[in-house]
Amino acid sequence: METMVPVDGGELWADDTGGDGLPMVLVHPGVGDSTIWDPVLPALDARHRVIRYDARGYGRSPAPDVAYSPTADLRAVLDHFGLTRAVLVASSMGGAASITLTLNTPERVAGLALLVPAVTGYDSPADTALHQDIGKLAQTGDTEGIVRLGLSRWGQAAGGSPETDPAAADHLRAVLPAWFANIDHQQTDPPAFDRLGDITAPTVLALGELDRPEVVRCNEEMAARIPRCRLVRLAASDHYPTLREPENCARLIEELYARAR
């Protein structure tokens, strides 16, 4: 069932499949909205209650006009659906919010499935340079240039261009308005990288071996710091694992769900 979830100063689109048992909440990356989960959703909602939502400005959620915290929004989604505990399934940007929520309220997270996750407090010069290059293209209004640059970095598994990877190009193109709308509104949560050792929930972290080297290194270091974290290397994936290896992603999520407590 689709609904709008009230959050501080705004609202989010969300969808709840309904059902019994421990719920699963999907938190999308910055390079796609909640439709990024479409390739794995049929395998998950056939057996579980699955909730997914669009972050502010993404997909069917209105753009923000106040400062907000992605972690606070995730917590608001859990509260809206009355979830005292849930398994969090998160990719990239969504991983950062899910990790922070897990650290701040461990009693609410029964398991953590992380796909090519980001984390606050991990600084990479390569990330800074990429953001600067995107900013220069944005200043000239070259949105297609941003799509090409993004795919050349995040879409190597399918050739790294809109011509060879139209599906990822469509996802990336669709979220650019959200990137621009979130400038000066989306707040960065406090650093979590040095706190990863405090995570107690069962965790699986899947990295894409064709992802940017900086992301691969970050994910390796994250997995090493999270106690008893299972690290999985997806050989055919870049920063779009649900597009590249949906069956493997669904299997890993199911295996993590079985370990949740």
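About 40 Å³ of space lies in the second largest cavity of this structure. A cavity is here a set of points on a 1 Å grid over the protein atoms alone where a 1.4 Å probe fits but cannot get out, and lining residues have an atom within 4 Å of a point. Grid points are joined across faces, edges and corners, and the volume is the space filled by probe spheres set on the points. The structure is a predicted model, in which local features need pLDDT of at least 70 and side-chain atom pairs count only at pLDDT 80 or more, while totals for chains, interfaces and linings use all residues. Residues are numbered from 1 along each chain as its sequence is written, and side-chain values use heavy atoms, with hydrogens and water left out.

The lining of the second largest cavity consists of Pro29, Ile36, Ser91, His239, Tyr240, Pro241 and Thr242. By class, four of these residues are nonpolar, three are polar and none is charged. In this division Ala, Val, Leu, Ile, Met, Phe, Trp, Tyr, Cys and Pro count as nonpolar, Asp, Glu, Lys and Arg as charged, and the others, Gly among them, as polar.

A search of the whole structure finds two cavities of 30 Å³ or more. Two or more lining residues come from each of the helices α2 (70–80) and α3 (93–104), and the largest share, three residues, belongs to α3. Helices (H or I, at least four residues) and strands (E, at least two) are DSSP runs, numbered from the N terminus. Seven residues of the lining of the largest cavity are nonpolar, three are polar and one is charged.

Helix α6 covers residues 166–182. With 17 residues, α6 reaches 25 Å from its first C-alpha to its last, close to the expected 24 Å; the expected span is 1.5 Å times one less than the number of residues. A kink of about 35° lies at valine 175, shortly before proline 177. The bend at a residue is the angle between axes fitted to the seven residues ending there and the seven starting there. Buried residues of α6 include Ala168, Leu172, Val175 and Trp179, where buried means under 20% relative accessible area, exposed over 50% and partly exposed in between (1.4 Å probe, protein chains only). The buried residues of α6 pack against α4 (125–139), α5 (143–154) and α8 (241–244).

Most residues other than glycine have a negative phi. Aspartate 184, in the loop between α6 and β7 (203–208), has a positive phi near 70°. This aspartate 184 counts as exposed because its relative accessibility is 75%. Serine 92 also has a positive phi, of about 50°, and is found in the loop between β5 (86–91) and α3. Serine 92 counts as buried because its relative accessibility is 11%.

Cysteine 249 lies in helix α9 (residues 246–259) and is buried, with a relative accessible area of 0%. Leaving aside neighbours within four places in sequence, cysteine 249 is in contact (heavy atoms within 4.5 Å) with Val40, Leu115, Leu234, Pro241 and Thr242. The C-alpha atoms of cysteine 249 and valine 119 are separated by 20 Å, and the two residues are 130 residues apart along the chain.

How values were computed:
1 Å grid on protein atoms, 1.4 Å probe; cavity = no way out; pocket = protein on both sides within 12 Å on 5 of 7 lines; lining within 4 Å.
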